[in-house]
Amino acid sequence: MRQLNMVQALNEALDIILGSDPYSLLLGEDIGRDGGVFRVTDGLLQKYGKERVIDTPLNELGIVGTAIGMAAYGLRPIAEIQFQDFIFPAFDQIVNQAAKIRYRSGGKFNAPVIIRTPYGGGIRGGLYHSQSGESYFVHTAGLYVLTPSNPYDAKGLLLAAHKLNDPVIFLEPKRLYRSVKSDVPEGEYNIPIGKAKKLREGEEITIITYGSMVPTVLNVVDRNKLDADVIDLITLLPMDVDTIISSVKKTGRVVIVHEAPRTLGLGAEISALISERAIEYLYAPILRVTGFDTPFPYANEEHYLPDEERIMKYVKKSLEY
Amino acid sequence: MGIHGGGTLKFLNRFDENELLNAYRVAVYSRTLDNRIMNAQRQGIVGFHTPSAGHEIPQVAMGMLLEKDDIVINYYRDLTLLLFRGVPVESLLDHFLANSKDSSHGRNMPDHYNYREYGFYSVQSPVAMHLPFAVGAAYAKIMKKEEGIVLANTGDGGTSTGDFHAALNFASVWKMPIVFVIENNGYAISLPTSEQTKAPIEKKGEAYGIPGISFDGNDIFSALEGFMKAFEYVRTQKSPILVEARIYRIGPHSTSDDPKKYRKDEIVQGSSDDPIVRFRDKLKSLGILTDELDNEIRKWAVDDIEKKLEDRMKIPPPPKETIISDVYENPTWIQEEERREWL
Amino acid sequence: MVTFKLPDIGEGIQEGEIVKWYVQEGDYVKKNDVIVEIMTDKVTVQIPSPYEGKVAKIYYKTGEIAKVGTPLVDFSTSDSVQEPPSKELEPSQQKETKEIKEVVSEKSIIDYGKILASPAIRKRARELGINLSSIQGTGENGRITTEDFNNYINQLKQKKVETVPTATTVQPTVTRGRRFEMHGLRRLISEKMTKSKQTIPHFTVAEEVNVTALLELRENLKKSNYNISFTPFFVLASVKALKEFPYLNARCLEDGSYEILDYYNIGIAVDTPDGLTVAVVKEADKKSLSQLASEISDLAERARNNKLKLDEVKDSTFTVTNVGSIGGIFSTPIINYPEVAILGVHRVRDEPHGKFMYITLSADHRLIDGAMAARFIVRIKNYLENPITLLV
C-alpha cells in the first residue's frame with residue numbers, strides 16, 4: 001500500500017469530500033491559490049473552482065460565522081483557521097452560535113460545520129503558532145473535538161467528521177504533518193468517532209495521550225520495553241471513557257501525557273473520570289506529564305514539550321509507588 | 001375593503017388600500033400585544049421582554065415587500081414583522097410564557113424568537129452575532145440556486161460590533177444578495193446613537209463598498225419607498241445594501257431597563273408623534289380608515305390577545321428532561337449519564 | 001519540659017481508656033518505666049516512659065478516654081531529650097500487640113487515619129482482613145508501598161501465625177445467595193469462638209435439675225417485691241461450687257502452665273442485637289442475691305444498648321450462659337477463652353413429676369477431668385434443688 005504523510009492524507013480526504021458532496025466547500029485564509037500555508041488544501045481550488053474553495057478576507061470571526069450560516073442552510077462547509085492560536089476572534093461564533101444553535105432552536109437549526117486548524121508546538125512557532133487549546137473546546141457541549149495522530153487516522157477521521165450533523169473542531173497536530181508516514185488506503189473509509197485506539201497492550205501501566213504526543217509516548221514504551229497499555233484518544237469530546245477505565249482497572253497505574261498546559265488540561269478531566277469510576281483499582285496516584293503553565297516559548301521549545309526522559313520519569317514513579 | 005367603493009387606490013404604484021389597512025391592523029395588533037406582554041411581565045406572568053414599540057412601521061413595510069422565499073435573519077425586536085408574516089399569536093405567547101408548547105422547549109428567554117418555518121431565524125443574545133450567519137445563509141441560497149434574498153436585522157448598537165464589520169466585508173467581497181437593515185431607534189440600552197458611532201450609519205457601508213440608504217422609519221410611505229429601493233437593488237444586482245430606518249425606541253430596552261435614568265422620552269406612546277398615531281391619521285386622511293373601524297381594530301386586538309393569553313397560560317411548563325436533549329443530534333454518553341444521574 | 005502524646009498504639013486505634021496510672025504527678029521515672037495502662041476494646045497496652053524525668057502533669061484521669069496524638073503526660077527533664085519515634089514499644093509489648101493485632105474493631109479496619117497506602121492496597125487489605133497498621137511502610141512518610149504489601153502477604157503465607165487464621169486468599173464470589181464481610185462484634189465473636197475451640201479440648205457433662213423448689217422460692221420473693229430471674233441464682237450457685245472446686249476457676253496459659261484464681265468474676269452471656277456479649281459481674285462472691293440480680297439486670301440492659309464499659313466486658317473467671325428464656329432444652333456451650341469452664345442453663349420443662357431443667361457444663365480437659373466436672377455439676381444441681389442451701 002502507498003504511504004502518505006498527514007498533509008497528503010488530509011488533502012485526499014478533502015478531495016473525496018468535495019468530489020462526492022456537491023454542497024461541501026472549503027473556506028479560509030490562503031487555502032485556495034496558496035493551497036494553505038501547510039499545503040493541506042493544495043490543488044483543490046484548481047480542481048473545484050472558487051465557489052467551492054474560498055480565499056477569505058483576514059477575519060476568523062467572519063470565516064467561522066459565515067460557515068455556520070452556510071451549514072445551517074444546507075451546505076457542508078469546512079473552515080480552516082490558519083493556526084489554532086488565531087481562533088479566538090471566532091470563539092464567540094463557535095461557543096455561542098455553532099455549539100448552541102441546535103439546542104436553542106429545538107432542532108430547527110443545526111450547524112454541520114467542520115473547523116480545521118493546526119495546533120501544538122514543535123515547529124519553532126513561539127507563543128502564537130504553537131498553542132494547544134483543546135480544553136477550551138472540550139468544555140463546550142454541542143461540539144465534537146477530534147485529533148488524529150497519524151495519516152491513516154487523519155483521513156478516516158475527517159471523512160467521518162463530514163458525516164456528522166453537528167459542529168466539529170478538527171485539531172491537526174502540525175508537527176506531525178510531515179514527520180510520519182503510514183499506509184493510507186485509497187477511497188473512502190471511516191475512523192469511528194468517540195472511540196479511542198489502543199496502540200500497545202500491557203499489564204503494568206496505562207499511558208493515555210493524543211495528537212502530537214503519540215509518537216513520543218510510543219518511543220518511550222518501545223525503547224524501554226514497557227509492559228504498557230498506550231491509549232490514543234483520537235476523540236477528545238466525547239472521550240472514550242470505557243476504553244480508559246477498562247485499561248486502568250487492568251493495570252492500576254495511569255500516566256496522562258499532553259502538550260497542553262497542565263492546569264485544566266485534559267489530564268484533569270481524565271483524572272476525575274478515573275477517580276470516579278476506578279479509584280479502588282489504583283496502586284498509584286494518577287500522574288500527568290504536560291506542557292508548562294506558561295505561554296509557549298520560542299527558544300527552549302525542546303524543554304517545554306514533554307520529552308521521553310520526563311515521561312519515563314513519571315512512568316517509573318508510578319510503577320514504583 | 002376601501003370605503004371609497006369602486007376601484008382600489010394604488011400607492012407608490014404598488015400597494016392598494018387593503019394592503020395598507022392590513023399593515024395598519026398588524027401594527028395595531030403588534031403594539032397591543034407588546035403592551036400586554038410588558039404588563040404581563042410586571043404581573044409576573046412573563047419573565048422578560050424587549051418591547052418593540054416604535055418599530056412597527058418599518059417592519060410592516062418590510063413585510064409588505066418580502067416574498068415567500070426571502071429569509072429574515074431577525075433580532076429580538078422584530079415582533080411586528082413576525083406577526084406580519086403569519087407567525088401564530090398562540091405560538092408567540094407560548095414562547096413568552098416558556099411553556100411546554102414553545103418550539104424551543106422554554107430554553108430561551110423572551111424574545112429569542114425561533115421561527116424557521118416562517119422564514120425567520122433562531123434569535124441569540126449576543127448583539128449582531130447573526131450578521132455573518134446571514135451572509136453564510138445567502139451564500140448557501142446562491143450555491144443551491146434558490147430564490148429569494150436575505151435580510152439581516154439589527155439595531156444601531158449592532159453597527160459597532162466586530163460581527164457587523166466581518167459580515168459587511170464578507171458580503172461585499174462575495175457579492176451576496178443581502179439587505180442589512182439597521183432599525184436605528186436612537187439608543188443601545190442607555191447609549192445614544194451619537195455616542196455609538198461618529199459616522200452616519202448609512203455611510204458605514206461605503207467602507208465596505210456597499211451602498212447605503214437612510215429614511216424616516218416613522219412614516220409608512222417613506223419606509224415603503226426606502227425599502228422598495230433597497231430590495232429592488234438586491235434582487236436585481238444580487239449585491240448587498242445597507243439600510244437605515246430611523247425610528248424611536250418608545251419603550252425601555254427591556255423589562256430590566258429604566259430609561260428615566262438616562263433620557264427624557266422624546267416620543268410618548270399615544271401622542272401625536274407616535275408612529276402608529278401618525279399612520280392612523282394618514283390612513284384617515286386618505287379615507288381608508290374611520291374612527292369606527294379603528295376602534296373596532298383596537299378592540300379586536302385587545303380582546304383577541306386577552307383570550308389567547310388566558311388559553312396559553314393553562315399550558316404547563318416544559319418537562320425537565322428537555323434540559324438534556326438537542327445538544328447533539330444524538331446525545332453522547334456524557335448527556336446520557338447526566339440525564340440518568342441527575343434528572 | 002516535654003510533652004508526651006499518646007502514641008499510635010499500634011492497632012490503627014484512635015483512642016483508649018485509661019485503666020491504671022502507675023505514676024502520679026511529682027514521681028520521678030526512669031526511661032522505660034511503665035507509666036500507664038490503656039485499654040482499647042479488648043486490648044490492654046502498657047506504655048513505658050520514653051523519658052527520664054519528673055512527671056509534671058497528667059492529662060487524663062483513670063477511666064477517661066484518651067485520644068491518640070493528644071498530650072498524655074508532661075515530663076520535666078534535666079537535659080533536652082529528643083522525642084522518640086512514636087512507634088517504639090518495648091519488645092515484650094510489641095510481641096503482645098502483635099499477637100492480638102488481628103482482633104480488631106470495625107473502626108480500626110475502616111478508619112486508617114494515619115496509615116498511608118494506595119486505594120488498591122486498602123481494598124485488598126480489607127478483602128483479606130489484614131490490618132494495614134501491622135505493615136511497616138518503606139515509602140515516603142511511612143507509606144505502605146505495593147512491594148511492602150506483597151512482601152507482607154508472602155510472609156503471612158509462610159509464617160505459622162498463632163493468632164486467628166485469616167483468609168489468605170480471597171473467596172470466590174458466591175454464585176447463589178449473598179456475600180458479606182464480617183465486621184465489629186461479629187468478627188470478634190468469630191475469632192474468639194474459633195480460638196477457644198481450636199485451643200481448648202472441650203467436653204460437656206449434663207445434669208437434670210428439679211427446679212420446682214426454686215420456682216416456688218422465686219414466686220415467694222416476687223410476692224415480697226423481689227423480682228429475681230433465674231440467672232442470679234445460677235451465679236450464686238456457681239460461685240459457691242467454684243469455691244469448692246477451685247480448678248474450675250482457673251486459666252491455662254500458653255506456655256503450658258495454669259493458674260488458679262482467687263477472685264470470682266462471673267461472666268453473663270447476653271444476646272444483643274449485634275451478637276453475643278459477655279458482661280462481667282465482678283467479685284460475685286461478695287454480693288448478695290439481690291445485688292447480683294440488680295447488677296445482672298443492669299449489665300444485660302446496657303449490653304443490649306451497647307453501653308457497656310470496657311471494664312465490664314473483661315476479666316471474667318467463669319461464665320454462665322442462659323438461653324432458657326428463648327428456648328432449647330440442652331446445649332454444649334463453648335468455653336469463654338481463656339477460662340476453663342462454662343455453665344449452660346436451659347428451658348424449664350413441665351414434666352408430670354415436677355418442673356425440670358437440664359444444665360450442662362463444658363470444661364477444658366487439659367486441666368479438668370470428667371470426674372471433677374461431674375462432681376462440680378452435681379454440686380450445682382444440689383444447690384439449685386435445695387435453694388435454701390444457697391444461704392449458708
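The structure is a predicted model, in which local features need pLDDT of at least 70 and side-chain atom pairs count only at pLDDT 80 or more, while totals for chains, interfaces and linings use all residues. Residues are numbered from 1 along each chain as its sequence is written, chains are lettered from A and ligands numbered from 1 in the order in which they are written, and side-chain values use heavy atoms, with hydrogens and water left out.

**Chain C**

Chain C contains nine helices and 17 strands; helices (H or I, at least four residues) and strands (E, at least two) are DSSP runs numbered from the N terminus. The chain has 392 residues, of which 45% count as buried. Buried means under 20% relative accessible area, exposed means over 50%, and partly exposed lies in between (1.4 Å probe, protein chains only). Among the contacts in chain C with a separation of 6 or more, 62% are between residues 24 or more positions apart, a contact being heavy atoms within 4.5 Å.

**Salt bridges**

A salt bridge is a side-chain nitrogen of Lys or Arg within 4 Å of a carboxyl oxygen of Asp or Glu. Over all chains the count is 67.

| Pair | Distance |
|---|---|
| Glu259(A) and Arg175(A) | 2.6 Å |
| Glu201(A) and Lys250(A) | 3.9 Å |
| Glu244(C) and Arg379(C) | 2.5 Å |
| Arg126(C) and Glu280(A) | 2.8 Å |

Glu259(A) forms a salt bridge with Arg175(A). This pair links distant parts of chain A, 84 residues apart: Glu259(A) is in strand E13 (residues 254-261), and Arg175(A) is in the loop between strand E7 (168-173) and strand E8 (181-183). Glu259(A) is buried, at a relative accessible area of 5%.

The side chains of Glu201(A) and Lys250(A) also meet in a salt bridge. Because Glu201(A) lies in the loop between strand E9 (197-200) and strand E10 (205-209) of chain A and Lys250(A) lies in helix H9 (residues 241-251) of chain A, the pair ties together parts 49 residues apart in sequence. Glu201(A) is exposed, with a relative accessible area of 61%, whereas Lys250(A) is partly exposed at 32%. Both residues belong to a network of salt bridges that also includes Lys198(A) and Asp229(A).

In chain C, Glu244(C) and Arg379(C) are joined by a salt bridge. The pair links helix H7 (residues 230-244), which holds Glu244(C), to helix H9 (residues 370-385), which holds Arg379(C), across 135 residues. Glu244(C) is partly exposed, at 36% relative accessibility, and Arg379(C) is partly exposed at 29%.

**Interface between chain A and chain C**

Eight residues of chain A are in contact with ten residues of chain C. The two chains bury about 830 Å² between them, 53% of it on carbon and sulfur atoms; buried area is the accessible area (1.4 Å probe) that two parts lose on being put together, summed over both. Glu280(A), Tyr283(A) and Tyr321(A) supply 76% of the area that chain A buries against chain C, more than any other three residues.

One salt bridge is counted between chain A and chain C. Arg126(C) forms a salt bridge with Glu280(A).
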